[in-house]
Amino acid sequence: MIGEHMAWFLQTPDAASPKLLANIIAKCGPATKGGGAFAFASAMGVKLLLAEPDFQNFLGGGEFVMVVGLDAITDTRAIEELQKARDKYPNFKPKLFSHGKAGSIFHPKTIWLKTAVGGTVITGSGNLTAGGLRSNWEAMAVELLSIAEMDVVEAGWNAWLVQHGAHLLELDDPVALEKAKANKAQRSKIKKALKLPEGEEEAVEVAVDLAEETAEDVAQDFSLNPVLIA
């Protein structure tokens, strides 16, 4: 705990440690609307969040816009889970972020929840994956905001959505689906390389997510620093 209006947590795989998922669920109960942006989402991560009764109740009355990147990990199975949630909860409005800028990736991990007395912003290192939500070593800051502060956050979010509207794709967009198919193929290659089963067990998904995030980081570093080391 840092102060009266802000808390800072270090998530670990230990069951007793603070979890990103638990913090989201703890704050969504009184929320009336919100939004979030995640670099990556896995099918398991989407399932974990949408399986929470408190989050389901929130979606029953509050609009939530979720933006998910396609640069890695987010595959067709993740999109299928997002589609199921969208169809079941009309207030859940997922979008896919596709930018095509070389040497740059979509990398935020943040969520905001507005209430009658202000709201909460949670920002950290965890993605919308099983590992990011509860199994990885991650860090997160949870900040409680006043009504005026929350209004600034919401205005900034809405302006950002407008500014990058050309990059926000629907779940059935052909460009998004092609990228998601490529990500699925990449995940299958990683499973074969690691000799992991093709199932959707959480331990398998966490291992593949970690391997793919590492591969994406290496690719990003190489694109920025194409140096051959002998």
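A: On a 1 Å grid over the protein atoms alone, a cavity is a set of points where a 1.4 Å probe fits but cannot get out, and its lining residues have an atom within 4 Å of a point. Grid points are joined across faces, edges and corners, and a volume is the space filled by probe spheres set on the points. The model is predicted, so local features need pLDDT of at least 70 and side-chain atom pairs count only at pLDDT 80 or more, while totals for chains, interfaces and linings use all residues. Residues are numbered from 1 along each chain as its sequence is written, and side-chain values use heavy atoms, with hydrogens and water left out.

One cavity of 30 Å³ or more is found in the whole structure, and the volume of the largest cavity is about 50 Å³. Its lining comprises L20, F38, K109, I111, I122, T123, G124, S125, G126, E138, A139 and M140. At least two lining residues come from each of strand 5 (109-115), strand 6 and strand 7; strands (E, at least two residues) and helices (H or I, at least four) are DSSP runs, numbered from the N terminus.

Two strands pair if DSSP finds at least two bridges between them. Strand 6 (residues 118-124) runs antiparallel to strand 7, with six bridges joining them, and G119 lies opposite L145 of strand 7. Strand 7 (residues 138-145) is also joined by six bridges to strand 1 (residues 6-11), again in antiparallel fashion; here W8 has A141 as its bridge partner.

Because K114 lies in strand 5 and E154 in helix 6 (residues 147-163), the pair ties together parts that are 40 residues apart in sequence. E154 has a relative accessible area of 11% and is therefore buried, where buried means under 20%, exposed over 50% and partly exposed in between (1.4 Å probe, protein chains only).

The whole structure holds twelve salt bridges. Another of these joins D75 and R187, at 3.5 Å from N to O. D75 is in the loop between strand 3 (63-69) and helix 4 (76-88), and R187 is in helix 7 (residues 174-193), 112 residues away.

Conventions: On a 1 Å grid over the protein atoms alone, a cavity is a set of points where a 1.4 Å probe fits but cannot get out, and a pocket is an open set with protein on both sides within 12 Å along at least five of seven lines; lining residues have an atom within 4 Å of a point. A salt bridge is a side-chain nitrogen of Lys or Arg within 4 Å of a carboxyl oxygen of Asp or Glu.
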